[in-house]
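Below are my notes on the model you sent.

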Amino acid sequence: MAIPVIQLGTGNVGVHSLRALITNPEFELTGVWVSSAAKAGKDAAELAGLADSTGVKASTDLDAVLATGPRCAVYNAMADNRLPEALEDYRRVLAAGVNIVGSGPVFLQYPWQVIPEELIKPLEDAAREGNSSLYVNGIDPGFANDLLPMVLAGTCQSVQQVRCMEIVDYATYDSAVVMFELMGFGKPMDEIPMLLQTGVLSLAWGSVVHQLAAGLGISLDEVTETYVREPAPEAFDIASGHISKGSAAALRFEVRGMVGGTPAVVLEHVTRLRADLCPSWSQPAQPGGSYRIDVTGEPSYTMDVCLRSRRGDHNHAGLVATAMRIVNAIPAVVAAEPGIRTTLDLPLVTGRGRYAPA
């Protein structure tokens with residue numbers, strides 16, 4: 001029997017989740033929640049770019065959408081710039097007895113020791129009240145730095161360090177809020193954006209290093225962070241807008257889980273807006289970008305993960321991967337014990353039923 005589901009948010013990631021929920025017979029779409037009045041009343045198929053009507057109309061009323069009887073909600077609403085609201089959304093959905101798979105806020109990938117207990121407890125209480133479970137994942141944070149490195153480490157005799165890297169050109173990533181407001185691209189070099197305020201990198205990606213540490217069975221002494229930015233050598237345009245000469249155009253940061261003064265697990269991002277910027281920084285394994293996992297141990301590994309799509313570039317492929325990582329996990333999350341679930345808890349999600357001839 002198909003699992004009744006609702007889609008919460010239809011933006012850059014949500015549109016791909018919605019399309020999968022409509023086209024996969026494993027799911028029955030019962031409702032769509034949107035924040036924009038312009039989308040309210042539109043058929044889900046129209047929002048997903050599909051031709052055949054579903055008869056499911058989008059609504060700005062979350063209670064009405066929850067009343068459609070779903071067993072699971074796919075949460076892709078913008079969270080990074082509205083954290084209190086997003087956490088309250090989660091609490092309401094869980095308390096209503098609806099399981100959730102979500103793409104953010106990213107610290108919910110593994111929130112313990114990352115966010116205060118007073119933010120975690122309402123979600124855990126709501127999950128117990130509703131007998132529901134919550135799983136937040138994607139690509140990064142997500143399978144590129146939880147599932148894949150753990151698989152590699154699982155073949156090692158010893159591990160000295162696990163380093164997970166995103167090396168990506170963000171020029172085609174079309175979200176002005178993320179690019180300009182959160183990450184600070186196109187802003188003066190002396191203006192510190194939200195992402196680079198003290199502690200925010202560790203809040204956003206601390207879940208990665210803490211979950212890797214848990215998977216390795218080690219306790220971290222501390223989590224540290226560092227970053228460097230570089231200016232644009234001249235003005236140019238990207239999908240999200242204009243980058244002025246001298247404004248921020250490249251960013252490299254690390255979040256490090258330390259043991260005995262040594263970085264045991266590291267999350268590193270190398271983000272450019274043009275391929276020719278900062279040539280001395282790590283380069284991707286394919287034009288546009290890739291993910292890299294370095295396991296130093298016995299044996300040691302380097303794995304490059306190159307995303308491609310017949311319908312877009314590497315950034316498009318990453319959005320699809322983020323959506324499908326959580327959509328494909330729906331059956332496992334519905335079957336899971338109540339509470340906040342992580343990749344350490346769930347069975348392997350294999351892509352069962354996803355074969356489609358070209």
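1. Which residues touch the most other members of the largest nonpolar core? Of its 52 residues, these are Trp-205, Ile-243 and Leu-273. Such a core is a set of buried Ala, Val, Leu, Ile, Met, Phe, Trp, Tyr and Cys residues joined through side-chain atoms within 4.5 Å; buried means under 20% relative accessible area (1.4 Å probe, protein chains only). Helix α8 (residues 200-216) gives the most to this core, seven residues. Domain 1 (3-136 + 317-340) and domain 2 (147-306) both contribute residues, so the core lies between them. The domain bounds come from an automatic or database assignment.

2. This is a predicted model: local features need pLDDT of at least 70, side-chain atom pairs count only at pLDDT 80 or more, and totals for chains, interfaces and linings use all residues. Residues are numbered from 1 along each chain as its sequence is written, and side-chain values use heavy atoms, without hydrogens and water.

3. An open sheet of seven strands runs in the order β3-β2-β1-β4-β5-β6-β15, with parallel pairing (at least two DSSP bridges between two strands). Strands are DSSP E runs of at least two residues, and helices are H or I runs of at least four, numbered from the N terminus. β3 (58-59) and β15 (339-341) are at the edges with a single partner strand each, so one side of each has no neighbour in the sheet. Six bridges join β1 (residues 3-8) to β2 (residues 27-33), where Trp-33 is the bridge partner of Leu-8.

4. In helix α9, 11 of the 14 residues are buried, among them His-314, Leu-319 and Arg-325.

Technical notes. Buried < 20%, exposed > 50% of the residue type's maximum accessible area, 1.4 Å probe, protein only.
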